[in-house]
Every structure is written in C-alpha cells, then in structure tokens.
Amino acid sequence: MYVTLSEVLTEAERIGSTVGAFNAHNLEMIPPMILAARDAGSPIIIQTSVGTARYIGMENLVALCRGMAEREPVDVVLHLDHATKLEDIRDAIDAGYSSVMFDGSSLPFAENVLKTRRVVEFARERGVSVEGEIGTIGGTEDGISVAEGALTSPEEARAFHEATGVDALAVSIGTHHGSYKGKTQIDVGLVERIHAAVDVPLVVHGGTGVDEADYDALRRAGVRKFNIGTELIVGWTRAAKETFGATEVNASLRNNIVPANDAVAGIVRHKIGCLLPARIS
C-alpha cells in the first residue's frame with residue numbers, strides 16, 4: 001500500500017522496529033529498492049532530495065511509487081528529504097508525496113518552530129506526514145555542505161515537538177551526511193535521553209557512516225527511521241562504472257543499468273536485515 005510516514009512509524013513503534021529510509025538518486029533505483037523490501041517483508045521509505053525530485057519530476061516519482069505499492073504486497077512511503085523552502089513542500093504534497101521533511105535546523109529555534117508548525121498544519125489537512133529536525137547534522141547532502149553539527153539536547157527536542165507536533169523528529173547524535181569511508185562515533189546514550197524526553201519516533205540521518213554493530217542499540221533506544229543515501233550512490237556508481245567501461249557503445253543500456261540496480265537491491269536487502277529486530281514484540 002501507498003502509506004504515510006506516520007503509519008509505518010506507528011507500527012514500528014508498536015513492534016520495536018526501525019524502518020529503512022533509502023534515498024533514490026534516479027528513477028531506475030526505485031523498483032529494485034521496493035522489490036527488495038517486499039521480499040524482506042518490510043515497509044520501505046523512498047526518499048528524494050528536492051534536487052532529485054525536480055530532476056525526475058515529482059509526479060513521475062509519485063506515479064512509480066504509488067503504482068508499485070498498489071500492485072505489490074509492501075507498504076511504501078514517498079518522502080521529500082531536507083526541504084528548506086515551503087514552496088518545494090507545497091509542490092511535493094500537491095504531486096502526491098505521502099511525507100515531507102521541513103529542515104529548519106539551521107534557523108534560530110523560534111523560526112524553526114514557526115515554519116515547521118505551518119508545514120504541519122498544511123500537510124495534516126492533506127493527509128501527509130511531516131518530519132522536522134532539531135540540532136544540526138554536518139557533512140554533505142545533495143552537494144550542500146554543512147559545518148560540524150550541533151548535537152540535539154533532550155530539553156530542546158521536547159520543546160520543539162510540543163510546539164510543532166511533528167510526526168517524526170530527526171536528531172543530531174554525531175552522524176554526518178556523506179560519510180562512507182569510516183565509521184562515525186555516535187552517542188547512543190543521548191538517543192536514549194531524547195527518547196525518554198520526547199514521545200515521538202526518532203530519525204537518524206547520515207546512516208551510511210554508522211557501524212552496523214550499533215543498529216540494535218539505536219533501535220532499542222527509540223530510533224524508528226534510519227536514513228541511508230551515500231552507500232546507495234557509491235554502490236550504484238561503482239557497478240555502473242564497471243559495466244559502462246566494459247560494454248560496447250551500441251549495446252543495450254539495460255546491460256549496464258541492471259547490474260547497478262542489483263547492487264542497490266543488495267544493499268537495501270542487507271540493511272533491512274540489519275535494522276529488523278531479532279524478534280517482533
């Protein structure tokens with residue numbers, strides 16, 4: 001089914017699970033990601049940056065995700081990631097996205113609250129979920145670099161959620177966007193304190209750099225949405241470089257694209273397996 005972020009995270013909270021959110025960077029990536037989730041018996045959150053959404057076309061993304069979700073036995077969320085402009089959020093909702101993120105983390109606290117609250121009001125009237133962010137996550141996302149992030153405090157997280165009513169809250173716990181060559185030192189204890197202070201599903205961004213050995217602790221600490229983007233770009237591009245470099249110029253593009261899509265599907269299958277709890281409560 002084509003569902004909202006709130007629906008899949010409510011179930012994840014009930015059973016003590018974490019849902020993988022995977023950034024699509026082209027249209028070809030999406031079918032293998034959804035089919036990998038179907039085969040794993042897990043919901044999936046397909047994410048796009050604003051740049052990717054404008055490049056592919058928001059209506060095209062909605063048509064593909066909704067069409068596959070209605071055909072296949074899998075719950076699919078289409079989520080606009082890290083939107084900072086209200087017109088981009090409006091356009092995504094109008095096109096049929098089932099979830100949006102307003103990222104006001106670089107703004108003063110009061111402005112972040114006010115703009116996020118407007119987004120929540122607008123989206124909720126249209127049956128769309130909203131993710132907000134408090135604290136800043138460093139690194140590079142979709143070509144935009146952010147300096148070293150500021151960790152989220154439990155008190156600020158509680159105040160932000162109470163003032164905005166977001167359906168999911170992205171928090172800064174030491175992760176970095178774009179990290180894939182090393183493993184990030186994360187503060188699991190901080191996640192636990194935030195989770196104790198705020199009754200809302202928590203989101204980790206910059207998941208590629210997180211050691212898989214830490215996934216279970218993050219899940220138990222209250223993380224319900226876990227974002228993975230860079231690892232998918234790296235996997236797709238490495239496979240594509242190998243196939244495009246070895247193929248004849250008049251060969252079908254399918255011969256070059258399918259191995260790259262298979263690499264993405266393999267990453268999604270593996271990550272879902274790591275994120276799911278050993279037992280469903």
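Modeller: What follows starts with the core and then goes through other parts of the chain.

First, the ground rules. This is a predicted model, so local features need pLDDT of at least 70 and side-chain atom pairs count only at pLDDT 80 or more, while totals for chains, interfaces and linings use all residues. Residues are numbered from 1 along each chain as its sequence is written, and side-chain values use heavy atoms, with hydrogens and water left out.

Now the core. A nonpolar core is a set of buried Ala, Val, Leu, Ile, Met, Phe, Trp, Tyr and Cys residues joined through side-chain atoms within 4.5 Å. Buried means under 20% relative accessible area, exposed means over 50%, and partly exposed is in between (1.4 Å probe, protein chains only). In soluble globular proteins, nonpolar side chains tend to be buried together.

The largest nonpolar core here has 75 residues. Met-33, Ile-46 and Leu-169 touch the most other members. Helix 11, residues 254-275, gives the most to this core: eight residues. Helices (H or I, at least four residues) and strands (E, at least two) are DSSP runs, numbered from the N terminus.

Take Met-33 next. Contact means heavy atoms within 4.5 Å. Not counting residues up to four places away in sequence, Met-33 touches Phe-22, Asn-23, Ala-24, Ile-44, Ile-46, Leu-232, Val-264 and Val-268.

Strand 2 covers residues 44-48, and five of its five residues are buried. Two strands pair if DSSP finds at least two bridges between them. Strand 1 (residues 19-23) and strand 2 pair in the parallel sense over three bridges. Asn-23 has Gln-47 of strand 2 as its bridge partner.

Step back along the chain to Ser-17. Ser-17 is in the loop between helix 1 (5-15) and strand 1. Ser-17 counts as buried because its relative accessibility is 4%. Beyond its neighbours within four places in sequence, Ser-17 is in contact with Ala-12, Arg-219, Val-223, Arg-224, Leu-276 and Pro-277.

Another serine is Ser-99, in strand 4 (residues 99-102). At 0% relative accessibility, Ser-99 is buried. Its contacts, leaving aside neighbours within four places in sequence, are Leu-5, Val-77, Leu-78, His-79, Leu-80, Val-128 and Ser-129.

Strand 3, residues 76-83, holds His-82. His-82 is not a glycine, yet has a positive phi of about 55°. With 15% relative accessibility, His-82 counts as buried.

Next, the rings. A pair of aromatic rings is described by the distance of the centres and the angle of the planes. Rings of Phe, Tyr and Trp (its six-membered ring) pair if their centres lie within 6.5 Å; planes under 30 degrees apart count as stacked, over 60 as edge-to-face and the rest as tilted. The structure holds two aromatic pairs. One of them joins Phe-109 and Phe-160: the centres are 6.4 Å apart and the planes are at 70°, so this pair is edge-to-face. The pair links distant parts of the chain, 51 residues apart. Phe-109 is in helix 6 (residues 109-124), and Phe-160 is in helix 7 (residues 154-164). Phe-160 is buried, at 0% relative accessibility. Phe-109 is partly exposed, at 32%.

A charge also meets a ring. A charge sits over a ring if NZ of Lys or CZ of Arg is within 6 Å of the ring centre and within 35 degrees of the ring normal. Arg-126 lies over the face of Phe-122, at 3.6 Å from the ring centre.

Last, the cysteines. Cys-65 is buried, at 0% relative accessibility. Cys-274 is partly exposed, at 26%. How many disulfides are there? A disulfide is a pair of cysteine sulfur atoms within 2.5 Å, and by this rule the count is zero.
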